[in-house]
Amino acid sequence: KQMRAALSLDASQALGLDTHTSECLAACVEALHNASLVLDDFQDSALERRGNPTVCALFGRDVALGLTLRLTTTAFVSLSQIKASERLGALTMEVHQAVADTILGQTWDQDDQKNDAVEEIKLTASMKSGPLFGLSVSLPLIAAGHEAAIETSRRLGKLFGLGYQTLDDLKDRATDRLQ
C-alpha cells in the first residue's frame, strides 16, 4: 500500500522539501518497511502475506534473510542521496534508532513471556509498526531543520502503529491460532 512512503512524501511537501530529497526519504522508509515485512514473515514462518506467497515460501529462509539485509542497506543508500548532506548524520541516527526499535518490537513479538500483560502487548504492537510510521514524518522534519518536533513524531508514530498493528493482528487471529 506504500502508506509510509505516501506519508513521508506528504510531510516532505508540507515542509517545503525539494522533490529529490522527498523521494529519497520516502524510498528509505519504504525499503525499511519491506525489510520489516520480510523479517516478520521469516520469524513467523509465514507462507502467505495478503494472499500471496512470502519470500520464505518462494525462495527459502536464506534468501528472505538476505533480502531483509539488502533492503535495510538500500534504505541507507537512499538516505545518502539527499541534497542536504549537512543533515545526513542526524537522519542516519534517526533511521538507526527506528530500525533498532522495530527489531526490538519484532523480537518481543516472538517472546510469549514478554506478552503476558495488556501493557506489554500494547508496547510490543507499538514497537513493531510505530517506529517506521514515525520515521515517515521525522525524516522530513530533520531534513527541513525542525528537530524540536522529532519526539512528537516518534510518539505519534508509535500510537498510530499500535492502532494499525492491533487491527492487523485482529485480522490475522484465525491464521495465528492455526500456527
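Because the model is predicted, local features were considered only at pLDDT of at least 70 and side-chain atom pairs only at pLDDT 80 or more, whereas totals for chains, interfaces and linings use all residues. Residues are numbered from 1 along each chain as its sequence is written, and side-chain values use heavy atoms, with hydrogens and water left out.

The axes of helix 5 (residues 88-110) and helix 6 (residues 118-143) come within 7 Å and cross at roughly 170°; helices here are DSSP runs of H or I with at least four residues, numbered from the N terminus, and axes are lines fitted to C-alpha atoms over the stretch in contact, with angles running from 0 to 180 degrees between N-to-C directions. Helix 5 is therefore roughly antiparallel to helix 6, a term applied to angles over 145 degrees. The contact (heavy atoms within 4.5 Å) involves residues of helix 5 including Leu91, Val95, Ala98 and Trp108, and residues of helix 6 including Met127, Pro131, Leu135 and Ile142. The residues of this contact divide into 14 nonpolar, five polar and four charged, where Ala, Val, Leu, Ile, Met, Phe, Trp, Tyr, Cys and Pro count as nonpolar, Asp, Glu, Lys and Arg as charged, and the others, Gly among them, as polar.

The second largest pocket has a volume of about 240 Å³, a volume being the space filled by probe spheres set on grid points that are joined across faces, edges and corners. A pocket is an open set of points on a 1 Å grid over the protein atoms alone, where a 1.4 Å probe fits, with protein on both sides within 12 Å along at least five of seven lines, and lining residues have an atom within 4 Å of a point. Its lining comprises 16 residues, of which Leu39, Thr68, Thr72, Val99 and Ile103 lie nearest the centre. Helix 2, helix 4 (61-80) and helix 5 each supply at least two lining residues, and the largest share, six residues, comes from helix 5. The lining divides into nine nonpolar, seven polar and no charged residues.

Within helix 2 (residues 19-44), Asp41 counts as buried at 8% relative accessibility, and Gln43 counts as partly exposed at 24%; buried means under 20% relative accessible area, exposed over 50% and partly exposed in between (1.4 Å probe, protein chains only). Not counting residues up to four places away in sequence, Asp41 touches Ala46, Arg49, Thr54 and Cys56, while Gln43 touches Gln106, Thr107 and Gln110. By contrast, Gln2, in the segment before helix 1 (3-14), counts as exposed at 52% relative accessibility.

Note on methods
Parallel < 35°, antiparallel > 145°, perpendicular 65-115°, else oblique.
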